Amino acid sequence: MNLDRNKYSVLLVVPPLAFLTLFYFYPLLKIFWVSLVAEGVFNTGRLERLFTTTYYAKTLWFTTWQAIVSTLLTLLLALPAAFVFARYRFPGKQLIQSLVTVPFVLPTVVVGSAFHALLGPRGAVNAVVSRIFNLDTPLIQVDHSIWFILLAHVFYNFTIVFRIVGSFWTHLEKSSAEAATMLGASPLQVFFKITLPLLRPAIFAASLLVFIFCFSSFGVILILGGPRYATIEVEIYRQAAHLFNLPMAAALSMVQIGFTLILMTVYTHLQRRTAITFNPVSSHIHQRRIKYLSDKLLVSGVLIMMFVLLGSPLLSLLWRSLVTADGLSLTYYLRLFENTSHSVFFVPPVKAILYSLGFGGITLVGALCLGLFAAGFLSARSKNGRSWLDPIFMLPLSTSAVTMGFGFILALDKPPLNLRASMMIIPLAHTLVAFPFVVRSILPALKSIPKSLKEAAALLGASPFQAWKAVELPIIRRATVVGAVFALTISLGEFGATSFVATPQTPTLPVAIYRFLGQPGALNYGQAMAMSSLLMMVTACGFLFLEKFRIGGMGEF
Amino acid sequence: MALLELDNICKTFNHHPVLDRVSLKLDQGRILGLLGPSGCGKTTLLRIIAGLDRPDQGRVTFDGSDVATIPSHKRQFRMMFQEFALFPHKNVFENIAFGLEIQRMDSLKIKHRAEEMLELVGLEGFGERNIDQLSGGERQRVALARSLAPSPRLLMLDEPLGALDSALRKRLLLDLNHILRTVRVTTIFVTHDQTEAFALADEVAVMSTGRVEQMAEPELLFHAPGNVRVARFLGFQNIIRGIIQEHRQIRTALGTFVSDTGDFSTGDPVNVLIRPDAARMVDSVKRDCDIAITGTITIRQFQGYDYHISMLTSHGLDLAWRFSADRPPPAVGESIRISVGRSSVVILPEQPGSDVS
């Protein structure tokens, strides 16, 4: 019986493994090949040039330091918030906690638009200031400045620190602090000698994750940074898409892949250690009501900060999408559905929406099928819940979307796999990005099914298929819905890989927004805002739906 | 004058009274056991003394002065928590040294003191171990050493053996008793276990639903429980209603007999406790003053040293007895006649709300 199952389950692994080989490993190898082999000769010259040429060295350095500063700023703002949410009880807390995560799931393009809408030359702040003081030029000129990038990164990654450190802090055993108090430690001594050291693994893990995200930041820098700033990711895009210097782009990709793989390995290692030091964690949650004036000041201060940092860009985005020359109206939204002849596209914007939905649908089906196969295989094969294939399936998660997109155009341009001209290349790229998320959504549910359930069904006379239908299917149905929503929202918002593989005739929503933002004129700007607002609402709804649907223990990546 | 004095302590959580007018006194060097079922407020009382919680009402006086304005970290009371609350990021030595470092003791002295404490609790050479390498019993000892190291003015132990399994509890009870008698520091501990309370304490305060029902030395408490709740908590089952008659007689469902009626006056409704070990099996009642009871055996359990018997009397009362193993009682369903000496009867005041048949 068991042997039979194992024999069949081997078949399950074939489709996902074939998919990864073709669309992940093959393009990756191609990148290595192009960067290391020039005209048939092995040559590390390009890699060396990356570190010796001032321009590339500067890019590497900028990528690193902006990531460090972004991480520090995120910690500075998110730690007080984590403290307040861990220690106090107040009305509306649950809702705010859910909303805080919305920025993290928004497509980078939307974040770029949102900061444009808040602080850009046409942004809300400048509009208000100019009206009050009657200025002709915008007062705040953060456009294309480093502050714009840093702020957007803090906005994006706030919730990582907030969630990881916050949940650790919430469950930190109160008695450790009380034990220190009873040994004579003052509140300040308790914080520095007990609480902070206990939080250290969580803070470290969260910081590393933020650093990784900022290090491989693409959309935010491309949209907000302007020509002056380039991370490795942006440089890959420029070298490949603008300068057609594919070998250089490949060399940069290799550096990026190396860095992220190392950082992700450290993070996984750290996360496992955090799980062990979760030891001092109790199921009792001790939170106090807001009683004293100092509590009130602290809590309201933190909430205001969070609203300004996280809420105002999104609200400005909505506002700018509605404000036209004739006052508030839906003009920009309506213009999205008109085919104007002088459009910057070869296709009307509504087509971009339709393309996005179509690609989303294909991604959903593709990623779900592959994810179900992979998760089914992993849960059937792994003895103690781990299989050596598990980390392999997760690889696309720790590879930047830009490198994957670049690998696609590098590798899939010759027969028999000539997909450059095919529309299918976009959903294929999206499926690759979404696949690990689907596996991560379904696997815990599958693993949670005890063997005895299936055995009980078999002893009651159910055939393997009947047992699957009666036992497994109902249990993983919820998880499958979660995976589907993940796949759809990822596809709708994907920008890094899409910017490589989308042709001018087949723009997706994010690509269209990026193009609109690059064009002059109030109408283009307004339409970018309107599209971003639509995308924001779809993604936010998808995410809030996931929050409601969440299954214990999932959603940790 | 008492070292620690609690006066009329009240505490409410979410409109639910947890402590209700608790007052007690403890002398220097004495060991007090707070005994009660879980949820009776004993841990809260401990936390109020420690300053970790504030009372809604009432006063905590230590060494003659009110401690309300002294924050807990300055009271020099040390507390051992129920799950021990050892610092997971520090090793055994660093855990014990923590309180000493806070006092800014110099490092040589800290080392000396920590070693002394490890020796006291029987863990010589454990200093460099990490907390996760320790067994439950070892953790308990480290927690005790950590609390004792900075020479507490008052030591508080919250269920000191509660987190351990029962075999370990028995052994560590002896050790804990030895250590507490050695250091002779004024101590309050909380327990739900009567054996633990009797073995460790100089005085036991029985608590139920937020009140101290009775505080006395263990022997006195066991021989003369102050009311039905205390008696019930100590495990006494044979409690019946009675009314005081003239000439120091009590009338009960089992008949009227002479007893030491103490301060009660004629006509008072009372409760009568009959000790389970007081009964003798008899063929016929010889002395008038003894109480004779007949009934049917409903449960018969052999316990090694003795038999535990439940009987249903002809009056419809359910009573429990213990008989020595050298004279086996009849089988279940058979009738039995017993006699109880009147010295084994304790008269308790009538108490509303207590269940008495």
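Buried area is the accessible area (1.4 Å probe) that two parts lose on being put together, summed over both. The legends below use it for a predicted model, in which local features need pLDDT of at least 70 and side-chain atom pairs count only at pLDDT 80 or more, while totals for chains, interfaces and linings use all residues. Residues are numbered from 1 along each chain as its sequence is written, chains are lettered from A and ligands numbered from 1 in the order in which they are written, and side-chain values use heavy atoms, with hydrogens and water left out.

**View 1. The interface of chain A and chain B.** Together the two chains bury about 1,900 Å², and 67% of that lies on carbon and sulfur atoms. On the side of chain A, Glu178(A), Met182(A) and Leu183(A) lose the most area to chain B, together 39% of what that side buries. Counting contacts (heavy atoms within 4.5 Å), 20 residues of chain A meet 23 residues of chain B.

View 2. Let's zoom in on the charged pair. A salt bridge here is a side-chain nitrogen of Lys or Arg within 4 Å of a carboxyl oxygen of Asp or Glu, and the rule finds one between chain A and chain B. Glu178(A) pairs with Arg47(B), with the closest N and O atoms 2.5 Å apart. Helices and strands are DSSP runs (H or I, at least four residues, for helices; E, at least two, for strands), numbered from the N terminus. Both α10 (174-182) and α11 (187-215) of chain A supply at least two residues of the side that touches chain B. The largest share of that side, eight residues, comes from α10(A).

**View 3. Gln239(A) in its helix.** Here is a look inside chain A, which has 25 helices and eight strands. Gln239(A) sits in helix α13 (residues 232-242). Residues count as buried under 20% relative accessible area, exposed over 50% and partly exposed in between (1.4 Å probe, protein chains only). With a relative accessible area of 3%, Gln239(A) is buried. Beyond its neighbours within four places in sequence, Gln239(A) has contacts that include Tyr56(A), Phe244(A) and Leu252(A).

View 4. Asn8(B), which is not a glycine, has a positive phi of about 60 degrees. Asn8(B) belongs to strand β1 (residues 4-13) and is partly exposed at 33% relative accessible area. Ala85(B) also has a positive phi, near 50 degrees. Its place is the loop between β6 (77-80) and α2 (92-102) of chain B, and Ala85(B) is buried, with a relative accessible area of 7%.

**View 5. Salt bridges within chain B.** Glu159(B) and Lys42(B) meet through their side chains at 3.9 Å, N to O. Glu159(B) lies in the loop between β7 (154-158) and α5 (166-183) and Lys42(B) in helix α1 (residues 42-50), so this pair ties together parts 117 residues apart in sequence. Both Glu159(B) and Lys42(B) are buried. In another salt bridge, Arg141(B) and Asp175(B) come to 2.7 Å, N to O. Arg141(B) is in helix α4 (residues 136-148) and Asp175(B) in helix α5, 34 residues apart. Arg141(B) is buried at 14% relative accessible area, whereas Asp175(B) is partly exposed at 27%.
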